[in-house]
Amino acid sequence: MANPASPSLKDLPKVAPDFKSELEGFKPDKMKKAETHEKNVLPTAEDVKQEKQHSELIQGVENFKPERLKRTNTQEKIVLPNAEDVATEKTQKALLQGVEKFDTGKLKHTETQEKNPLPDKDVVRQEKVHQNLLEGVEHFDKSSMKHTQTQEKNPLPDPEAIQQEKGKQNLIAGIENFDTSKLKHTETQEKNPLPTKEAIDEEKKA
């Protein structure tokens with residue numbers, strides 16, 4: 001395999017003159033000195049506690065001794081059905097046996113009669129009225145209709161209604177324009193009558 005040929009001078013990428021002058025005139029002593037700070041964040045108390053619990057759990061699993069386990073015996077218990085369950089099971093078995101051992105020869109021969117009752121006079125009459133109504137709607141001649149004009153009426157109130165409205169307006173105006181300064185000052189007297197001798201005697205007897 002032949003080595004790739006080096007690009008000629010004319011094939012090299014061109015650099016802008018202003019950018020080239022900036023690169024040639026760059027002085028490293030103009031750069032500012034910066035210090036690198038290395039940070040090592042310490043874990044919190046909660047992180048230390050969780051790590052400790054995790055380590056103890058792993059150590060407990062690794063150092064576990066199977067000989068410390070105690071031998072146990074598994075006891076299998078069979079629950080007997082109660083009287084209600086037994087009775088239900090017997091009923092189901094008897095029903096299934098009755099269906100399986102059923103003698104179809106004991107069945108009696110029957111004939112199926114298909115009945116299509118004819119409608120009575122009332123049904124025929126109602127159907128006829130319904131058909132005539134449908135035909136009348138379907139074949140209705142719009143040209144036989146007469147032109148009508150709609151008159152909008154706004155009846156005026158009678159004198160009695162006007163008189164009632166005036167009375168209502170006067171009442172509302174009297175309430176709204178009522179002068180409270182015309183009211184007279186009154187004093188409220190609170191009376192607490194003392195019980196009679198008979199009432200006291202009855203209270204004592206009770």
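The protein chain of this predicted model carries 35 positive and 39 negative side chains, Lys and Arg being counted as positive and Asp and Glu as negative, without His and the chain ends. The centres of the two sets lie 4 Å apart, with each charge placed at NZ of Lys, CZ of Arg, CG of Asp or CD of Glu. Local features were taken at pLDDT of at least 70 and side-chain atom pairs at pLDDT 80 or more, whereas totals for chains, interfaces and linings use all residues. Residues are numbered from 1 along each chain as its sequence is written, and side-chain values use heavy atoms, with hydrogens and water left out.

Side chains of opposite charge can pair when their charged atoms come close. A search of the whole structure found one salt bridge, defined as a side-chain nitrogen of Lys or Arg within 4 Å of a carboxyl oxygen of Asp or Glu. The partners are aspartate 122 and arginine 125, whose closest N and O atoms are 3.9 Å apart. Because aspartate 122 and arginine 125 are three residues apart in helix H4, about one helical turn separates them. Aspartate 122 is partly exposed, at 44% relative accessible area (buried is under 20%, exposed over 50%, and partly exposed in between, with a 1.4 Å probe and protein chains only).

Glutamate 22 belongs to helix H1 (residues 17–24) and counts as exposed because its relative accessible area is 58%. Its C-alpha lies 18 Å from that of lysine 32, at a sequence separation of 10 residues. Lysine 106 is located in the loop between helix H3 (83–100) and helix H4 (121–138). With a relative accessibility of 68%, lysine 106 is likewise classed as exposed. Between lysine 106 and glutamate 202 there are 96 residues in sequence and 92 Å in space, C-alpha to C-alpha.

The protein chain contains six helices and zero strands, in the order α-α-α-α-α-α from the N terminus. Helices (H or I, at least four residues) and strands (E, at least two) are DSSP runs numbered from the N terminus. The radius of gyration of the protein chain is 57 Å, whereas a compact globule of 206 residues would have a value near 17 Å; the radius is taken over C-alpha atoms, and the globule rule is 2.2 Å times the number of residues to the power 0.38. The C-alpha trace spans about 115 × 105 × 100 Å along its principal axes.

Of the 206 residues in the protein chain, 0% are buried. The accessible surface amounts to about 23,800 Å², with 54% belonging to carbon and sulfur atoms, as computed by the Shrake-Rupley method with a 1.4 Å probe; for residues, only the protein chains shown count as cover.
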